[in-house]
Amino acid sequence: MIDHIGIIGAGTMGAGIMIGAVMSGVTVTLIDRDIAACARAAKRLERYLARQAEKGRLAPNALPAIHARLHCATDFAALGGCKLVIEAVFENLELKRQIFAQIEANVSDTIILASNTSCLRLAEIATALRHRSRFCGMHYFSPAEINPVVELVSGPDTADTVIAAVQGFLRQTGKEVVSCSDQYGFALNRFFCPYTNEAVHLLDEG
């Protein structure tokens, strides 16, 4: 069972993934080089929990324990206790490669690594890794704390045991899994992007 994850990037997607995880009982180590970004993510969690309590979905006395599952850091060395690490930075191939090289230098060979990329191929990101069989794609959709869909992407070297473990984690955290192969746009964006373009063409044509 995956009960402790790391997330790299405390922006919109990283914070959303974090909220969904801590709400499901998972401990999260959130890493960002900008400590202010981590503070904003923690504040976003506070606001989310407060809204849930106001709506009667959470007991007010449950909030401190949920918030205590979040641990923020700027150093990749803090990832040591994680069983899964998800990269959630913006879509820059070289940056993602650099991050995965740093992650791999700070974790054991048994920790599962995943990218939240929405469009880059895993095969291109994985060139930075020594152990590619433990690498997969986990494409969350925004807002990640609410949207139930996650594309689970198998790279060319991803082990079946890794896919099975991540499927279990996603279901544990209330997500609907869409299994995908390693193609640009994966599954949903290959439909969504042409639909969006066609809508714009229709608008242009009156």
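Reader: How many helices and strands does the protein have?

Author: In this predicted model, the protein has 7 helices and 8 strands. A run counts as a helix with at least four residues and as a strand with at least two.

Reader: What makes the radius of gyration of the protein agree with that of a compact globule?

Author: For 206 residues, the globule rule gives a radius of gyration near 17 Å, and the protein has 17 Å, so the two agree. Along the principal axes, the C-alpha atoms fill a box of roughly 50 × 50 × 30 Å.

Reader: What share of the residues counts as buried, and by which cut-off?

Author: Buried means under 20% relative accessible area. By that criterion, 45% of the 206 residues are buried. The protein exposes about 10000 Å², of which carbon and sulfur atoms supply 55%.

Reader: What volume does the largest pocket have, and which residues lie nearest its centre?

Author: The largest pocket holds about 580 Å³ of space. Its lining comprises 30 residues, with Gly9, Ala88, Val89, Phe90 and Leu95 nearest the centre.

Reader: Which element gives the most to this lining?

Author: Helix H4 does, with 5 residues. Helix H1 (12–23), helix H4 (93–104) and strand S6 (135–140) each supply at least two lining residues.

Reader: How is the lining of the largest pocket divided by class?

Author: There are 12 nonpolar, 12 polar and 6 charged residues in the lining.

How values were computed: Residues numbered from 1 in each chain as written. Predicted model: local features only at pLDDT ≥ 70, side-chain atom pairs only at ≥ 80, totals over all residues. Heavy atoms only, no water. 1 Å grid on protein atoms, 1.4 Å probe; cavity = no way out; pocket = protein on both sides within 12 Å on 5 of 7 lines; lining within 4 Å. Points joined across faces, edges and corners; volume = space filled by probe spheres on them. Nonpolar A, V, L, I, M, F, W, Y, C, P; charged D, E, K, R; others polar. Rg over C-alpha atoms; globule rule 2.2 N^0.38 Å. Buried < 20%, exposed > 50% of the residue type's maximum accessible area, 1.4 Å probe, protein only. Areas by Shrake-Rupley, 256 points an atom, 1.4 Å probe, with all protein chains shown as cover.
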